[in-house]
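Dear colleague,

Please find the structure below for your records.

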Amino acid sequence: MLPNTGKLAGCTVFITGASRGIGKAIALKAAKDGANIVIAAKTTQSHPKLPGTIYTAAAEIEAAGGKALPCVVDVRDEQQISSAVEKAVEKFGAYTIAKYGMSMCVLGMAEEFKGEIAVNALWPRTAIHTAAMDMLGGSGVESQCRKVDIIADAAYSIFKKPKTFTGNFIIDENILKEEGIKNFDVYAIKPGHPLLPDFFLDEHPDELSKQLESSGAVPEFKEEKAQPRSKPRSGAVEETFRIVKDSLSDDVVKATQAVYQFELSGEDGGTWFLDLKSKGGNVGHGEPSDRADVVMSMSTEDFVKMFSGKLKPTMAFMSGKLKIKGNMALAIKLEKLMNQMNSRL
């Protein structure tokens with residue numbers, strides 16, 4: 001792991017979501033240098049499934065060698081953000097480093113504040129084990145994740161850089177390789193076990209999918225009960241499946257080897273399937289003849305948006321619009337297929 005150098009001593013770090021998970025890991029890493037940490041998060045009382053509050057995090061930060069300022073902040077509330085910043089300035093004089101969930105704003109802010117404030121985005125290459133992952137994932141999903149420490153080390157590496165290092169979209173593993181880190185098993189929950197890719201990285205999933213399948217790594221994601229099924233009707237869903245069927249080929253089937261079942265609520269909903277195991281492939285209304293490898297539940301409206309490229313599957317999943325049960329590696333393969341068909345839908 002990346003050693004602390006003391007370079008952040010006296011710096012003030014404003015961290016959203018620092019009461020647990022990745023945010024707290026970054027806070028503790030900076031605290032070991034003697035940094036001042038503004039804990040900007042919503043949790044003030046303990047939750048049975050989500051351990052940690054802004055006050056318990058503050059205690060851990062102080063114990064690690066830093067100074068802490070717990071602030072109740074909902075990032076959707078501009079007034080609460082402004083209030084927290086004012087409290088930070090009042091207690092620590094100013095804040096010099098910030099961690100926000102604002103990656104899409106990086107390029108604009110990097111240009112706007114060039115020479116004054118460095119603005120960068122940091123993403124994990126793999127899934128990170130947090131309370132949120134435990135809630136989304138099924139039994140055993142943690143074995144396919146890395147620890148929050150890898151994000152903390154990567155963020156620390158960024159913090160050490162000069163203001164001229166700005167406007168970058170950084171992958172945790174890449175920047176740590178530049179730091180000389182070679183053994184990434186130290187970050188794994190289960191060293192040597194295949195890892196799930198991060199949901200938001202548009203990287204080629206084939207190699208990882210093969211690793212997951214060969215090792216029997218099949219994470220199950222909790223699925224809500226499907227809405228009452230309606231009879232098939234001529235509409236957007238049927239038209240989408242017609243176009244999908246016209247796009248199928250033996251090559252697509254050979255590359256995918258999976259059966260997908262869709263539980264759709266709303267108009268034209270019900271149970272539909274996409275068979276990419278049988279010769280030539282097939283689609284239709286009702287359950288597939290073979291057991292589905294992946295079951296996806298969502299509204300018909302979001303289904304059509306997803307297959308037409310207007311709603312990214314990973315975003316639908318993370319926002320709760322898409323529920324998945326089954327083999328996540330094969331779910332990733334379907335996203336690649338959707339990208340190929342978007343131009344026709």
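Val294 has Gly326 of S11 as its bridge partner, and Val295 stands opposite Lys325 in that strand. In total, four bridges join S10 (residues 294-299) to S11, and the two strands run antiparallel. Helices (H or I, at least four residues) and strands (E, at least two) are DSSP runs, numbered from the N terminus.

The model is predicted, so local features need pLDDT of at least 70 and side-chain atom pairs count only at pLDDT 80 or more, while totals for chains, interfaces and linings use all residues. Residues are numbered from 1 along each chain as its sequence is written, and side-chain values use heavy atoms, with hydrogens and water left out.

S10 is also joined to S7, by six bridges, and these two strands run parallel; here Ser265 has Ser299 of S10 as its bridge partner. Five of the six residues of S10 are buried (under 20% relative accessible area, 1.4 Å probe, protein chains only).

Both pairings belong to an open sheet of five strands, ordered S9-S8-S7-S10-S11, with mixed pairing (two strands pair if DSSP finds at least two bridges between them). Strands S9 (282-285) and S11 (323-326) stand at the edges with a single partner strand each, so one side of each is left without a neighbour in the sheet.

Helix H9 (residues 236-247) packs on the sheet, touching S7 (258-265), S8 (270-276) and S9 (contact means heavy atoms within 4.5 Å). Helix H11 (residues 300-307) lies across S7 and S10.

Yours sincerely

Note on methods: Axes are lines fitted to C-alpha atoms, for helices over the stretch in contact, and angles run from 0 to 180 degrees between N-to-C directions. Buried means under 20% relative accessible area, exposed over 50%, partly exposed in between (1.4 Å probe, protein chains only).
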